[in-house]
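Work through these exercises with the model open beside you. Try each task before you read its solution.

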Amino acid sequence: MLSRKLIENTLTAALSTGGDFAEIFVEDRTNNGIVMIGGKVESTMSGRDYGVGIRIFKGFNSVYAYTNKSDEDTLIETAKKAAQAVEGNIIDLTINLTKSDVKNINIIQIDPSKVEKTKKVQVMKKAYDIAFNYDELITQVSINYTDYIQNIMVANSEGLWKEDTRVRSRLGISSVASKDGEMQSGFFAPGASKGYEFFENLDIDYYAKEASRIAVTMVKAKYSPSGRMPVIIDNGFGGVIFHEACGHGLEATSVAKGLSVFAGKIGQQIASPIVTAIDDGSIPNEWGSFSIDDEGTQSQRNVLIENGILKGYMIDKLNARRMNMDITGSSRRQSYRFPPTSRMSNTFIDNGSSTPEEIIANTEKGLYAKHMGGGSVNPATGEFNFAVMEGYIIENGKIKEPVRGATLIGKGMEVLNKIDMVGNNLLQSQGMCGSVSGSIPANVGQPMIRVSELTVGGREGE
Amino acid sequence: MEMKSLIDKIFQKGREKGLNDMEVYYSAGSSLTLKVFQKELETYNLSESEGLSLRGVYKGKMGYSYTEKVDETSIDQLVRDVLENAVIIDSDDEEFIFEGSKEYIKVDSFNPALSNVSEEKKIEFVKSLEEEAFKLDKRIESVEVCVYGDGYGEIIMSNTKGLFLQDKSNIAYTYIVVVAKEGEDIKTGMAYRTGNDFNKFNARDIAKEAVDEALALLGAKSVKSGDYNVIIRNSAAADLLEAFTGIFSAEAVQKNLSLLKGKLNEKIASDKFTLIDDPYMESGLASKSFDGEGVACKYKKVVDKGVLKTYFHNLKTAKKDGVETTGNASKGSYKSSLGISPSNFYVEKGERRLNEMITDINKGILITELQGLHSGLNTVSGDFSLAALGFLIENGKISRPVEQITVAGNYFEMLKNIEETGSDLKFGLPGGSYIGSPSLKIKKLSIAGE
């Protein structure tokens with residue numbers, strides 16, 4: 001994407017004031033988005049993102065600058081401007097770039113840019129028809145189609161020089177059901193690090209019906225009860241509980257500065273002994289997977305918690321310095337506009353030994369959260385919240401009537417210790433995760449789990 | 001001028017390929033971000049960026065495309081994408097390229113004084129912000145985030161119907177998140193300022209606001225579940241309004257995604273509730289003279305003493321409803337297709353201060369922060385159930401801090417149950433819109449806790 005000489009000159013300019021590490025990141029990305037509402041294509045947008053980011057380290061401090069231009073004059077000037085923020089003795093670093101191959105874990109079969117847009121619209125139309133015709137209570141269906149091809153190059157003063165291409169595809173299905181002047185919605189958005197073959201092989205029938213089924217079930221549901229009770233969270237997107245309650249607190253972004261409740265707890269029991277949790281960016285073709293991270297490190301499987309004991313964090317180059325620990329291939333960013341930092345990839349609680357039937361049968365009274373919405377966390381206090389998209393009352397070991405509008409709240413450490421059953425039906429689900437380095441694709445996942453007690457926020461008393 | 005000649009070349013190419021009306025939206029900007037951690041300038045970020053989008057009508061349908069490589073090599077891609085995108089549109093709604101309004105009211109959102117503040121001064125300021133926070137109380141264990149940033153932006157809108165509009169603005173912001181610790185209890189407090197007058201940023205005031213917030217929450221506990229009289233403090237009420245802003249969009253109404261459909265000129269809220277969209281508000285951070293389609297912006301009351309007066313329109317939705325556009329077309333950036341959003345959008349303030357409002361409450365909750373606003377609410381149904389922080393009110397006084405609760409209700413019902421609006425109108429962090437509210441006293445909301 002850039003010549004060796006240009007990269008070397010830019011890195012040299014970046015280090016001209018005493019920086020001890022410099023990195024250049026180039027991104028060239030084409031995006032495609034189509035929105036269908038009510039069965040008709042409402043809007044489309046395609047475009048090209050293009051930019052260069054230059055990062056300099058000096059000890060624990062960093063400087064970052066970006067620009068959309070990649071001519072020699074602009075890059076050298078940008079590097080020099082950034083370097084002005086660094087003060088120190090100039091280190092004599094010889095930059096010796098060696099271009100190395102990237103082991104591609106996300107094999108793409110069909111380049112989405114080579115597929116006619118009318119074919120993409122047909123996929124959307126199919127999803128629309130199935131979702132809309134699911135039930136007469138369905139009054140609106142929106143379909144979102146997205147694909148992108150992101151070409152990146154990363155090179156640094158340690159001699160690393162790599163290029164990679166990331167292709168991702170996603171189909172969002174949102175159904176609205178109406179009844180007696182009330183509306184409820186259901187949502188599903190499967191995605192993968194795949195090309196157009198993703199849409200060809202997708203079980204559109206299943207996802208479209210699920211989105212509508214949730215909306216129809218919820219519009220007929222009464223409000224959720226409130227109070228503290230056992231909560232069963234089903235597999236797939238239920239993994240958002242781990243993502244919010246614990247995952248963010250294991251990112252070096254908050255651990256390095258001692259701001260996370262999990263800082264300094266490696267080797268300690270932080271969760272119930274039946275909990276093992278993994279962050280793995282190297283699972284082929286998964287939504288949150290990548291061959292190399294945005295610092296050029298090969299992705300890997302990181303065990304975060306093993307049998308309840310904290311094993312590791314997700315660590316990027318800059319925070320690795322403060323923590324005096326190794327990097328874990330977890331450094332990510334939304335685009336060249338953000339300096340990268342440690343983030344999650346595909347993060348999940350691993351399979352346990354209970355069957356879903358056992359978990360439900362063993363719960364006398366509580367809430368069953370079949371599908372989760374999103375959530376958020378304050379890493380300093382560990383307080384999290386997330387929304388239940390589809391919930392049910394459990395009584396005497398049986399799933400009873402549906403309830404809507406429930407929110408689950410708690411504190412990270414507390415909930416990890418209260419997981420008292422873990423199922424054997426691990427499933428990954430796709431989401432977008434927003435944090436300091438922007439919004440990035442990430443999987444959450446888990447088998448069905450039970451938390452012995454959580455605060456459920458609803459609108460009815462107990 | 002260089003940009004004009006590039007735009008002309010794009011239009012020329014478009015015409016050759018069969019596009020009728022076309023419009024270019026160009027934006028460029030620069031930014032600086034400074035973060036301090038433990039007395040050191042930990043992060044120094046700067047940027048220079050630009051992007052250009054093209055939209056054009058082909059066989060009656062509007063296609064969009066954009067690029068961040070703003071030069072002649074991108075012309076072919078821009079035109080090709082517009083054509084390909086226009087062809088697959090099958091919506092019956094018409095989108096327009098606008099020839100321009102008769103008159104535009106000038107809005108000055110650029111303050112040259114801000115561009116003249118030296119970097120040293122900015123660094124000194126953000127360092128002092130951190131220092132002040134630590135000085136205020138020894139229970140301040142760390143400063144999680146301490147940031148100063150500023151940015152400059154300019155846009156050009158130019159179309160084949162002769163419209164040519166330009167605008168420029170600058171803004172500075174600062175925020176701090178402090179962590180207070182007492183025993184095992186940890187609480188955070190946040191404060192921010194935005195505006196384009198650097199001299200108005202007072203490090204001590206900002207630090208104190210964040211520190212007070214964190215300290216006040218130390219020792220918080222949950223409360224018993226039940227229905228409570230609730231005051232939602234100004235900034236939290238503004239956050240909630242922001243999350244529900246979409247219900248006022250004519251687009252959502254026309255697509256059957258807003259329960260305000262068919263409610264024009266009907267009472268949708270309490271008499272105390274008046275909602276204003278004022279693009280010309282003094283020191284409004286979303287002030288502008290024209291909207292995303294080049295239409296002159298307008299002042300309007302969206303809700304007047306509880307009665308819904310209008311939805312937000314762009315040219316497309318206005319034509320469909322047979323009304324005039326309200327000048328609320330929005331273009332989030334060159335990357336976004338056309339949307340609808342307010343400008344400076346706020347709940348009109350009432351008479352009394354927050355502490356006076358509290359004296360009327362025998363038993364209730366003051367909510368100071370709502371969390372999970374992107375997930376814990378349903379804009380279609382109006383239902384919300386959100387994690388919250390705040391204080392218990394007993395016998396007209398604040399008795400203790402509260403945590404680990406959720407507040408649940410329905411936004412449409414809540415609007416009808418507003419008993420009082422405070423005098424403390426406050427705006428949230430600006431995005432495309434700038435949204436504000438005073439504290440709102442609500443007759444009844446469900447609180448879940450112990």
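**Exercise 1. Describe the hairpin formed by E9(B) and E10(B), and find the residue in its turn with a positive phi.**

Solution. Step 1: find the strands, which are DSSP runs of E with at least two residues; helices are runs of H or I with at least four, and both are numbered from the N terminus. E9 covers residues 300–304 of chain B, and E10 covers residues 307–308.

Step 1: check the pairing. Two strands pair if DSSP finds at least two bridges between them. E9(B) and E10(B) have two bridges and run antiparallel. Asp304(B) has Val307(B) as its bridge partner.

Step 2: look at the turn. Two residues lie between the strands. Lys305(B), in the turn, has a positive phi of about 45°.

A note on the model: it is predicted, local features need pLDDT of at least 70, side-chain atom pairs count only at pLDDT 80 or more, and totals for chains, interfaces and linings use all residues. Residues are numbered from 1 along each chain as its sequence is written, while chains are lettered from A and ligands numbered from 1 in the order in which they are written.

**Exercise 2. Locate the domains of chain B and describe how they touch.**

Solution. Domain 1 is 1–219 and domain 2 is 226–448. These bounds come from an automatic or database domain assignment.

Step 1: take the distance. The domain centres, taken over C-alpha atoms, are 23 Å apart.

Step 2: count the contacts. Two residues are in contact if their C-beta atoms, placed from the backbone, lie within 7 Å. In chain B, 31 residues of domain 1 contact 25 residues of domain 2.

Step 3: sort by class. The domain 1 side of chain B has 16 nonpolar, nine polar and six charged residues. Ala, Val, Leu, Ile, Met, Phe, Trp, Tyr, Cys and Pro count as nonpolar, Asp, Glu, Lys and Arg as charged, and the others, Gly among them, as polar.

**Exercise 3. How many residues of chain B are in contact with chain A, and which element gives the most?**

Solution. Step 1: count. In chain B, 62 residues contact 66 residues of chain A.

Step 1: find the main contributor. E2(B) gives the most to this side of chain B, with eleven residues.

Step 2: sort by class. This side of chain B has 18 nonpolar, 29 polar and 15 charged residues.

Step 3: look across the chains. Strand E3 (residues 61–67) of chain A pairs with E2(B) in the parallel sense, over six bridges. Ala65(A) stands opposite Leu46(B).
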